[in-house]
Structures are given as structure tokens and as C-alpha cells.
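Visitor: I have a model open and I'd like to learn how to read it. Could you walk me through it?

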Amino acid sequence: SEASGDAAPAPEALVDELREVIRGLGRAYYTEGESPVGDTQYDRLFRALQELEAAHPELASGDSPTHRVGGTPLEAFEKVRHPVALLSLGNAFNADELREWYERILKSLADVTDEGVRPALVAELKIDGLALALTYENGRLVRAATRGDGTVGEDVTRNVRTIRQVPLALAGEPPEAVEIRGEAYMKRSTFEELNADLVARGEKPIANPRNGAAGSLRQLDSAITAQRRLSFWAYGVGPTSAPLAATQTETMEWVQGLGLPVPDTRATFGGDDPIAEVAAFCEAWADQRDSLDYEIDGVVVKVDRLDFQAALGFVSNAPRWAIAYKFPAREATTRLLDIEHNV
Ligand code: NAD
């Protein structure tokens, strides 16, 4: 540092350092299933990097963590190339940021909607587990893959076949091909029983249900995965031979009809000011989250109409038509990293 000792670092140096720190945290989280810092701390560093990159476009770089999804797939598993990438989500940390996101959508859709149209929104709980893509062909589960880096994931079919809530054969009238997207997770009650067992046997307990889900899915011995009693819920559809529904709401009703677990906490908001209702929904769930037997870290808000979703499209690593409202931190946020003094 300079002679004064505490001069603010140049933006370029700060951007470099933030990228390095965020890459390191991402490796630990996505590849090793560990959380070196709290999620809120990670989100703050990530947001600081996004803001610096926006303020200094000359420092943009395609391999910044802000343009990437997840982590590198583990070598121990076969790789699966996703036919359509599994993406991350942009974040909103309060109602104002939700509204800004909605205003951007109104502007982008101005050309395809009639004047005054306020697109309806659907809000779903954001369960804290691990994203999976389940491929069904002629109604049979043929492959289950992790998100990996979004483009290439890990083939965890043998392990996922042990999850009771994942049907090996679809119900109803399955299409020739469909990819179901959703989250594998560990119930809070399962997590507590499992840890009591591990401790009784003198083994190391699992840090939290998310780590439990991630670690259990990446076992080389699927008998261990079976003992971990993971759960699953569906939140979307990837490539499919079936005709598309008109909305996310109808899509999820269809998925439920195929025999997949779909949470009934979803809510659709239309009317003149859907974002006000969505914000109330998010705040209510932030208060009620402990009443659930699984951990949620926020609410995912999506534009309900699929034609509007298609018109909105994507940024490099996330859809424009969805956003994750993140609950405020519960963890004590202590400064653990030097870089936090500068952001
Ligand atoms: P994300 O987890 O915030 O959002 C994307 C994911 O949300 C999807 O992949 C999907 O699995 C999940 N999801 C849950 N419910 C959903 C629903 N209803 N609809 C759609 N998706 C749903 O984004 P990310 O890029 O995977 O991870 C970033 C987050 O991971 C950070 O915000 C932080 O919370 C955490 N993280 C923490 C550390 C750490 O050191 N503590 C490090 C890296 C990442």
C-alpha cells in the first residue's frame, strides 16, 4: 500500500482481488461442498464486484465469476453436457431491488406487450439444496445430472435413483422426452437424525443440510446416498418433446401430473401492481421460514408467461425473466477476509 498505509486500492487491483477471492470461495462451495464464509458475506463480495465491473466497463472479462455458473464438475463422475444450460439467478436483497427488476422487464417487454400490460409473476420458495436435471425418455428416468458449471455437469444417476421422491417412471401421459429441473435437498429433521447418528459413531457431523445434500449426491457408493434419505422438488422443465404450456404455473401443474413433487407454496400474482404482492409474499416467508422442515434462502420470482420469458431471454449467466429475492442474513457477519475492508 501507499505511504499513508490505508489509501483505497485502484479499481483494477480491487477487481482482480475480488475475482480471486470469489473464485476461491466458489471452489470451496461448489466443488468441496463447504462454506468458508456465510452466504450473505459471499453475496456482498459478489455484488461489490458486479458494481465495480459496471462502473469500469474497461475491466470487463469473460472469465470473471460474475459471468460464470457454479463450479467445475468432479473428476470422479462421468461428465454430462446439458443440451440447454442450467443457469444461476440474479439477486434482489429488498423490495426496492425487486421493483427495479420489474421496471426493467416492463421496459424490455414494451415492444411485445400492449400498452399498460403488467406481466403476472409467480413466486416460488428458493430451497437450499443442489440443482438437478432429470432426463426422462418414454417415461423412464435415464439420466440425472448436477448443474456443474452450467454447461457440463456430473452424472449422478445411480445416486439419484435412491431418492424416493424421484419417480423412476413417470405417471400420466409422459412425453417422448422431457428434462425435469429441480432441487435435491435434505430435510432439516433428516439432517438432525443423521448428525445424531454420526456423532454417536464418533464421526464428523455435517455442517448444514445443503452440504448434506451436496455431499450425499456425490458419494461413489450409492448405498451411502440411500442412507442419507434425500428429498427432491421440481421447479422447472428443460428441453422436451411435449408442447409447451402457456405459463410457468401451468407447466408446474403438468409436472405434478407426471408424478413429481411440486411444492404447493407457489403463488401467482397478477393485477395492477404484482410486485407489491410479491414483496409481501417474500417478507412473510422471511418470517415464517423456520416453520418449514427444509431450509430456504429466499424466494424465486419468475415472469409467469413463457412467451414473455422467451422475449426477455438471458444475460451471460442468468435469465432476465427471474430473480432470487434473498432473505436477510441470520448468521453473524464478522469480517473474515481482508478484502471486506475495501468493498
Ligand atoms: P443461487 O443458488 O442463488 O440460484 C440459482 C439456483 O437456485 C438454481 O441453480 C437452483 O438450484 C436454485 N433454486 C431453488 N429454488 C428454485 C426455484 N424455485 N426456481 C429456480 N431455481 C431454484 O445461485 P448460484 O449461482 O447457484 O449460487 C450463488 C449462491 O451460492 C450465493 O448467493 C451464495 O448464497 C452461495 N454461495 C456461497 C458461498 C460461500 O462461501 N458461503 C460461495 C459460493 C456461493
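Visitor: How much of the chain reaches a pLDDT of 70 or more?

Guide: A general point to begin with: where pLDDT is low, the predicted coordinates should not be read in detail. This is a predicted model, and 98% of the residues in the protein chain reach 70 or more, with a mean pLDDT of 94. For the complex, the predictor gives an ipTM of 0.98 and a pTM of 0.95.

Visitor: Okay, on to the layout. Into which domains is the protein chain divided?

Guide: You get domain 1, residues 11-71, and domain 2, residues 79-326. Their C-alpha centres sit 23 Å apart. As for how they meet, nine residues of domain 1 are in contact with 14 residues of domain 2. On the domain 1 side of that contact, the classes are one nonpolar, four polar and four charged residues.

Visitor: Where does the ligand lie relative to the two domains?

Guide: Look at who supplies the shell. Domain 1 and domain 2 both give residues to the shell around the ligand, so the ligand lies between them.

Visitor: Which residues come nearest to the ligand?

Guide: There are 22 residues around the ligand, and Y29, D39, S88, E124 and A131 come nearest. If you go by elements, α1 (11-31), α2 (39-55) and β3 (121-127) each give two or more residues to that shell. By class, the shell splits into 11 nonpolar, five polar and six charged residues.

Visitor: Which residue does UniProt list for "active site"?

Guide: The UniProt record, an unreviewed entry, lists K126 under that heading. In the model, K126 is in strand β3.

Visitor: Let me try the count on another one. How does L106 come out, buried or partly exposed?

Guide: L106 has 13 C-beta neighbours inside 10 Å, and therefore counts as partly exposed. You'll find L106 in helix α3, residues 95-108.

Visitor: How far apart are L106 and R118 in sequence and in space?

Guide: Going along the chain, L106 and R118 are 12 residues apart, while in space their C-alpha atoms are 7.3 Å apart.

Methods: Residues numbered from 1 in each chain as written. Predicted model: local features only at pLDDT ≥ 70, side-chain atom pairs only at ≥ 80, totals over all residues. Near = placed C-beta within 6 Å. Helix = DSSP H or I, 4+ residues; strand = E, 2+ residues; numbered from the N terminus. Nonpolar A, V, L, I, M, F, W, Y, C, P; charged D, E, K, R; others polar. Domains from an automatic or database assignment. Contact = placed C-beta atoms within 7 Å. pLDDT = per-residue confidence, 0-100. UniProt positions renumbered as here; feature names shortened; annotations may be inferred. Buried ≥ 20, exposed ≤ 12 C-beta atoms within 10 Å, placed from the backbone.
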